[in-house]
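Please keep the sequence and the model in view while reading.

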4 protein chains.
Amino acid sequence: MKETTIVIHKKVKMKKPVLIEGLPGIGLVGKLAADHLIKERKAVRIATIYSPHFPHQVIMRKSGVLRMVRLKLYYASSSKHDLLFLVGDVQPITSEAQYEVNGKILDFFAAQGGKWIVTLGGYGTGKRVEVPRVFGAATHKKLVPTYSKYNIIFGESKGSIVGAAGLLLGLGRLRGMHGLCLMGETHGSYVDPKSAVASIETLGRLLGMKFDTTALKAKVEEGEKFIKKMEAKASEAAMAESRPAGPEDLTYIR
Amino acid sequence: MKETTIVIHKKVKMKKPVLIEGLPGIGLVGKLAADHLIKERKAVRIATIYSPHFPHQVIMRKSGVLRMVRLKLYYASSSKHDLLFLVGDVQPITSEAQYEVNGKILDFFAAQGGKWIVTLGGYGTGKRVEVPRVFGAATHKKLVPTYSKYNIIFGESKGSIVGAAGLLLGLGRLRGMHGLCLMGETHGSYVDPKSAVASIETLGRLLGMKFDTTALKAKVEEGEKFIKKMEAKASEAAMAESRPAGPEDLTYIR
Amino acid sequence: MKETTIVIHKKVKMKKPVLIEGLPGIGLVGKLAADHLIKERKAVRIATIYSPHFPHQVIMRKSGVLRMVRLKLYYASSSKHDLLFLVGDVQPITSEAQYEVNGKILDFFAAQGGKWIVTLGGYGTGKRVEVPRVFGAATHKKLVPTYSKYNIIFGESKGSIVGAAGLLLGLGRLRGMHGLCLMGETHGSYVDPKSAVASIETLGRLLGMKFDTTALKAKVEEGEKFIKKMEAKASEAAMAESRPAGPEDLTYIR
Amino acid sequence: MKETTIVIHKKVKMKKPVLIEGLPGIGLVGKLAADHLIKERKAVRIATIYSPHFPHQVIMRKSGVLRMVRLKLYYASSSKHDLLFLVGDVQPITSEAQYEVNGKILDFFAAQGGKWIVTLGGYGTGKRVEVPRVFGAATHKKLVPTYSKYNIIFGESKGSIVGAAGLLLGLGRLRGMHGLCLMGETHGSYVDPKSAVASIETLGRLLGMKFDTTALKAKVEEGEKFIKKMEAKASEAAMAESRPAGPEDLTYIR
């Protein structure tokens, strides 16, 4: 295996498919959202992606079986748009690897007639918020006013989008595809299911679909408890060192 | 030399060969076991593997002669299964290199009609034990109950198997091969011949062969003495720093 | 995209073109100078360069639109020499990438009949000066006396020229091209528009052209204010630590 | 330039050539020796080696001219053996690059009918000695007794020979070539012309040639003075810190 390889398990004829990416990234927002949607949509795995650019490891499962590090493509049909989900264990580390892996995925998507991409990620602010906003960055200027209607905030997020969430759109655009990156507002140092719920709801409005997020909301409560415990500990520790401490201090916890 | 190259010294026609890997890794458990078995079986070197992905060094021998860094394949015939051992100086460092080297080895093995792989490694727990257990991870679910009979513990080891011990099985599986990784329980910070003995005994049961481990057991005693000396030193040092110390502290010694 | 790719937007027939490089480097001197000249000359973008060797990121713009990391080629015609500017976001990090990217740019330039290259950079001295000098390094010995007339100082700058500013000339020379690197004297720890102005003026003399630097000079004043503020702060901090401090201390600020 | 390239300046028909390598390494022993021999033999540059695996820099000369980072091949005829010297600025950093560069050099050497290689290096001991010994490591066992006659010490140096000094011999051996690495005993933290002189004298005995080392011996005296000054400084510094200090402390100066 010299190159990234897509092993196809099931051939599907897709109608107006949207590629929805949710690989590991900031706050695991994109990964949580996409993994949830696959279950919610009862999507079917149609392909597995292996690559010599992934870590040279196999993962041990509870069952005593090992498996390669991999990405996966799941498919769910729908009356409006068919959905193709990209999820998995890792992001390639080097630039060359990212270009190759994302390029191969776009080759596959283009062969299905795919033209629309939505990538899901987190936008780290170093702060915790009660109601996470959802930021957007689009491939084309004309899309900004259209998408703004769905309560997506454009132009406020700064800097770069690193990895697949950025490159799929950047490389896709060079091939004539359209799309946007949805970034759920998040602290950046915590796994953030609440931000994933916000992203899913925004995506639902965008696609004109209604997604059930009950299962993910349950994780939000667990997460909140964990964070409050962490904050209490950090606060005690800070008091022990006789200096003022507040939630801002958590910015540096990873 | 642009690619990993296998130089064949002796052509052999193998019967139902099992590939047994023992390259350097945690506690050198796999390397100790495989190197021992090569002597015990009087196995013959049939091939040498060179690669531009190995360190750019040559090794000086006591004889005044230098030699390339390399991997080696040894062959031993047997009434049940022929054995093909993979041993050597190093593991490639990058993912791309690991995929290439292990891929070439599987090419060679497949050309011999090989279908079964056992990789040997250590499973680091940060603790020393009197009687090391042997953990397993298999390529296929159906193998788990079969192998469990040989006193191999499945489903308890967690995380990843890094390097050749994992990739040979992961890549092998994609080619229709079967096998498992045997991981001798080990501290992780010491060279551990005792864990290697346990692994060899388990492998013997698995293959229905009886291996003599006398020579390796001698090393166990040497090793124990060395570790006790280290513990005593660490304990003195810890006392000098006026804080409690016990064998657990050794987890961090490398 | 496996290799660096030049996407041509506009075909131009160039007359005696000079390639002028100003990618990010020491003090951003080259980048400031080249970006300014593009505006001053009303140069037109004729090509965009993408590469898997650039960081695997897309950049978010204020407009809410994202774009690939890239280099750009701008063209301006002139009665003396046509000018081809190379500017952009980044320099490739690895040697192999630098050789590939600069090699492709020289392929493009050679196809336009290009034979002359001027690269712009900064020469870091760790000191601030009122009137920055401009150092030079040429591809051929015979050019040194000719260029010396334009108030360019040869033979005083030491060490290496890293990145595109050096490689374009080094690789260009191997293809029979001529040129020089103009290095504006700069501290090295600050963005330095003053040094960029000095470089532009030198380049103007060299090309027999008159460049308006008014816009860039405005930045010089801003920059000076910022640096004086920094110096004041550093001086206070140094006093607080009860040790002597002067402008020299700023050498280590980055 | 995608691969290492050898630009030939002068075609030569060589008689029984010996390849003598002296690239930068421990104590610069090999580089000093080979650079000296090129002058002493009045050897002529016959080829230049460029590579995308060398640092992406150009070097500024005192003349105001820049040049690529490079390796060079020099040729000197002789009644016994023609000599082909390999010298230059750098060693490639990665393994893949070392294999490619050294492989290309061996291709060139093989095309000249070359079969003998002597690589020159330093063997770092962390100690300064009055009379440096010269250690050896040979490609073949049968060479050890022969070479031992020339006052070369075999079997005492341990570990690895890193870079071109090792790989040229290791890769050369796989092509049926013979040779040895001569390692001048050296501290390892200083440039060591004295060790280079010892290596040259040994090489002279080996080749049955008489080399004049007067110019290099002058550098030895300069070097000694510098080291004594360093020792005095280190000793003062150590006294200031009120702890015992001796020449052993210099092991850590780089």
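Predicted model: local features only at pLDDT ≥ 70, side-chain atom pairs only at ≥ 80, totals over all residues.

Is strand β8(A) mostly covered or mostly open? Strand β8(A), which spans residues 116-124, is mostly covered, since eight of its nine residues are buried.

## Chain A as a whole

The secondary structure of chain A comes to six helices and twelve strands. Along the principal axes, the C-alpha atoms of chain A fill a box of roughly 60 × 50 × 35 Å. A compact globule of 254 residues would have a radius of gyration near 18 Å, and the value for chain A, 19 Å, agrees with this.

Of the 254 residues in chain A, 47% count as buried. Among the contacts in chain A with a separation of 6 or more, 73% are accounted for by residues 24 or more positions apart.

## Backbone angles in two loops

A:L28 is found in the loop between β2 and α1 (29-40) of chain A, and its phi is near 50°, a positive value in a residue other than glycine. Is A:L28 buried or exposed? A:L28 is buried, because 21 other C-beta atoms lie within 10 Å and the cut-off for a buried residue is 20 or more.

In chain B, phi is also positive at B:K16, where the value is near 35° in a residue other than glycine. B:K16 has its place in the loop between β1 (5-8) and β2 (18-21) of chain B. B:K16 counts as exposed, because it has 12 C-beta neighbours inside 10 Å and a residue with 12 or fewer is counted in that class.

## Helices in chains B and D

B:A111 lies in helix α2 of chain B, which covers residues 95-111. B:A111 is exposed, with 9 other C-beta atoms within 10 Å. B:A111 and B:L143 are 32 residues apart in sequence, and from C-alpha to C-alpha they are 24 Å apart in space.

Helix α4 of chain D, residues 164-174, is largely enclosed by the rest of the structure, because ten of its eleven residues are buried. D:G176 follows α4(D) and has a positive phi, near 85°.

## Where chain C touches chain D

How many residues does the contact take from chain C and from chain D? The contact takes 27 residues from chain C and 16 residues from chain D. On the side of chain C that touches chain D, the elements giving two or more residues are α2 (95-111), β9 (134-138), β11 (160-162) and α4 (164-174) of chain C. By class, this side of chain C has eleven nonpolar, 13 polar and three charged residues.

Strand pairing also crosses between these two chains, for β11(C) and strand β4 of chain D, residues 57-60, pair in the antiparallel sense over three bridges. Within this pairing, C:S160 stands opposite D:I59 in β4(D).

## How the chains are related

Two copies of a chain are related by a rotation about an axis and a shift along it. Chain C is superposed on chain D by a rotation of 90° with 0.1 Å of shift along its axis, and the RMSD is 0.1 Å. That is the relation of a four-fold axis. In chain C, the C-alpha nearest the axis is that of C:T94, which is 7.9 Å from it.

For chain B on chain A, the superposition likewise takes a rotation of 90° with 0.1 Å of shift along its axis, with an RMSD of 0.1 Å. In chain B, the C-alpha nearest the axis belongs to B:T94, at 7.9 Å from it.

Terms used:
Residues numbered from 1 in each chain as written. Chains lettered and ligands numbered in written order. Helix = DSSP H or I, 4+ residues; strand = E, 2+ residues; numbered from the N terminus. Contact = placed C-beta atoms within 7 Å. Nonpolar A, V, L, I, M, F, W, Y, C, P; charged D, E, K, R; others polar. Pairing = 2+ DSSP bridges. Least-squares fit on C-alpha atoms with pLDDT ≥ 70 in both. Rg over C-alpha atoms; globule rule 2.2 N^0.38 Å.
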